[in-house]
Amino acid sequence: MERFSGLVLRHRLLVTLMWLALTCAGALAATQVTDRLKEDFAPPGSAARDANEAIARQYGTGGAHTPLVPVVTLPAGQTADSPAAKAALGEAFGTAGRKLDARVVSYASTGDGRFVSPGGRTTFGLVFPHNEAAADGAADEGPDLSEPLRQALLSALPSGATVHVTGIDGLAEGAGGEGPSVLVETLVGGVGALVVLAFVFGSFLAVVPLAIAVVSILTSFLVVYGITGVTDVNFMVQFVVALIGLGVAVDYSLLLVTRWREERARGHRGEEAVRRAMATAGHAVLFSAVAVAIGLTAMLVVPVGFLRSVALGGMIIPMVSALATLTLLPVVLATVGPFLDRPRLRKETGPSRAWTAWTRLVVRFRWVAVLVSTAMLACLAYAALGLNLGEAHSGAMAKSGPAYEGLAALQRGEVPSGVLTPVDVLVPPGTDPAGVAADLRSLPGVHAVAAPDGDAWRKGGSALVTVLPADEGGTGAGKDTVKAVRAAVPPGVQVGGGTAADLDFTDKVYGTFPLMLALIGLLTFVLLARAFRSLLLPLKAVLLNLLSLAAVLGATVLVWQHGHGSEQLWGISATGSIAVFVPAMVFAFLYGLSMDYEVFILARMREEYDRTGSTEAAVVEGIGRTGRLVTSAALILFLAFASLAAAPIIEVKIFATGLGLGILLDATVVRALLVPAMVALLGRWNWWLPAWAAALLRVPPSPDGRDRAGLAEAGDLVPHALSDRSPG
């Protein structure tokens, strides 16, 4: 790293011009990349995806695209089964179908009383507008036709009738609101980061990490733009690059700038201070970036296209951020760094007195700290056992607006909300759709089945049958209904819909989860074993990461699935479920991001142990030097995720909440309490690296602390007499 920094500083003009060119090109790419991103979440090769694509291709509606659900309330004294009202309903839904070029099913077209409320005055229908984008295989939902549908129905209904139009998409949009753009969210996170950095540095150096973040984010967008020309990239990548990029790039810069100030405080000036900072902090940045990338590499083994594309985007940003930190930042520090380090309102360059005092307290009561922090994490992890994967319940969505009023009208009519998540069944030529429909009507959990004879429901010999479940697809009962439908249909009949796609997603992603855990655990262990020259430290890091991530999932379940916080923070009641992609993405991102702090802290502890030979001194000095750094970095990341939580999509809010909770939990309970307590508890065993392992890892063996003067292991796990015989 020292030789590398020398090379960078000798070619400072070339390095600066290169990053300037990449940043300008990235700014242009960032304005155009959004149009090249995709919205497809379904796993390839799944039965539901094949069914949904076939339905969209042949019918241009349905499948993964949920319908509009108009709810008609007739005037007092009229019921849906009276001849005049039934005729008016038939005319109204027929007019709506013609005007919107839609596939329509209602009581008037089926005569099925389950499309009518028990009182007879409320009835509903399903309207699937034709969507050219869907027919071409795109995920675009098309324009909102709720109001045109309402007007078309009212034009043919008797005076005094009311019409409300609802649907899952409308309810979801009403729940999230408009929300800020990615640019606004990034700016909000950037302002928060600037405030934190100004407090940390007390000088104009606060703008330097933000400048590195801007360069890293825009360059990453340039790389993503190039990837979109080769393969499909999911739209979630733009959030990942912008907001995680902001946090990671600032973290890396913060670490290197802090170490550079320490070196200057020791009397080193000019390039020498930069080289010395790079020789220590530079290694930590590099290992941290690789650790983050490893966490995201796990998603590459998952056979789901959108997760793979997000993984690629997530791997790009830490690597680009590390490259900018290790090349552009040294040039900035060597040239204008001393000038920017003014007015030096905060002159503290040694260990933080507050963090040093806190760490001494933790080391003194190490057993208590380990037990308390582990119990906290275990309790939260236990809540994760109740995780239910699926779409959010309609009751957790919009609380006002037309879609909400339609849902309320549906509920007043005692119609089950499961009709909002119908299941489309594609019947191939040669199979009787009426027979299929009759078999499905008898299944438990099925509210109604529609198999109309119109041209909109019959194409090329195939037919569509729509199953209306009593329970929504995101609930356990709703998923059981879809499983029963799949089991009941004859061979060759395809079952589509969002719930079926979620079931396939769960099988594809979480069926390979053990492989993913094993892969990232092994890769991380090897990487950290080389970085810390220890076998116990990396094992502890992997196990603690898994425990803290399970706790994060449990906290997300409590906040969103059970509603202990979502109502107060966002006005969204308990969702009843968590979107199927959220746990996998939260796990992959947090596993890597939390390794940032693990590397920052343990690298400094390793350095202090090599200098003093005392584990206790290494813990106190390591946390004293990195505590404020880790806390500030975590706060910056938290602010970035908090701004992401303002996105209008509920699933993105849940994803951002999981990341934000994970960062706070990791920086407080894990890194500030559990890690120092465990390292102090294990004493010299932390640094155990037998000769065979050192040779295998191609690193020098750990120094034996017993040969050092002043070695003090007074708080080791074992008594002094036994400790002296422990591996060094």
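Tutor: We begin with helix α15 (residues 353-364) and helix α25 (residues 615-644), whose axes come within 8 Å and cross at roughly 130°. Axes are lines fitted to C-alpha atoms, for helices over the stretch in contact, and angles between N-to-C directions run from 0 to 180 degrees. Helices are DSSP runs of H or I with at least four residues, strands are runs of E with at least two, and both are numbered from the N terminus.

Student: What makes α15 oblique to α25?
Tutor: Angles under 35 degrees count as roughly parallel, over 145 as roughly antiparallel, 65 to 115 as roughly perpendicular and the rest as oblique. The angle here is roughly 130°, and α15 is therefore oblique to α25. Their crossing is right-handed, a term used if the near helix is turned clockwise from the far one by less than a right angle, left-handed being the anticlockwise case.

Student: Which residues make the contact of α15 with α25?
Tutor: On α15 they are W355, T356, T359, R360 and V363, and on α25 E616, V619, V620, I623, G624, G627, R628 and T631. Contact means heavy atoms within 4.5 Å. These residues divide into 5 nonpolar, 5 polar and 3 charged. Ala, Val, Leu, Ile, Met, Phe, Trp, Tyr, Cys and Pro count as nonpolar, Asp, Glu, Lys and Arg as charged, and the others, Gly among them, as polar.

Student: How do you know how far to trust the model?
Tutor: This is a predicted model, in which local features need pLDDT of at least 70 and side-chain atom pairs count only at pLDDT 80 or more, while totals for chains, interfaces and linings use all residues. Residues are numbered from 1 along each chain as its sequence is written, and side-chain values use heavy atoms, leaving out hydrogens and water. The average pLDDT (the predictor's confidence in each residue, from 0 to 100) is 84, and 91% of the residues score at least 70. Confidence is lowest in helix α28 (residues 720-723), with a mean of 32, and highest in helix α16 (residues 366-383), at 95. Over residues 705-728 the pLDDT is below 50, although this stretch has 57 contacts beyond near neighbours in sequence. Where pLDDT is low, the predicted coordinates should not be read in detail.

Student: Why are α13 and α24 called roughly parallel?
Tutor: Helix α13 (residues 305-335) and helix α24 (residues 582-612) pack at an angle of about 20°, their axes being 12 Å apart. That angle falls in the class under 35 degrees, so α13 and α24 are roughly parallel to each other. Here F306, L307, V310 and G314 in α13 meet A584, M585 and F589 in α24. This contact comprises 6 nonpolar residues, 1 polar and no charged.

Student: What makes β2 and β4 edge strands?
Tutor: An open sheet is formed by 4 strands in the order β2-β3-β1-β4, with antiparallel pairing. β2 (102-106) and β4 (162-166) each have a single partner strand, so one side of each is left without a neighbour in the sheet. Two strands pair if DSSP finds at least two bridges between them; β2 and strand β3 (residues 122-129) have 5 bridges.

Student: What is noted about E414?
Tutor: E414 has a phi near 60°, a positive value in a residue other than glycine. Most residues other than glycine have a negative phi. E414 lies in the loop between α17 and β5 (423-427).
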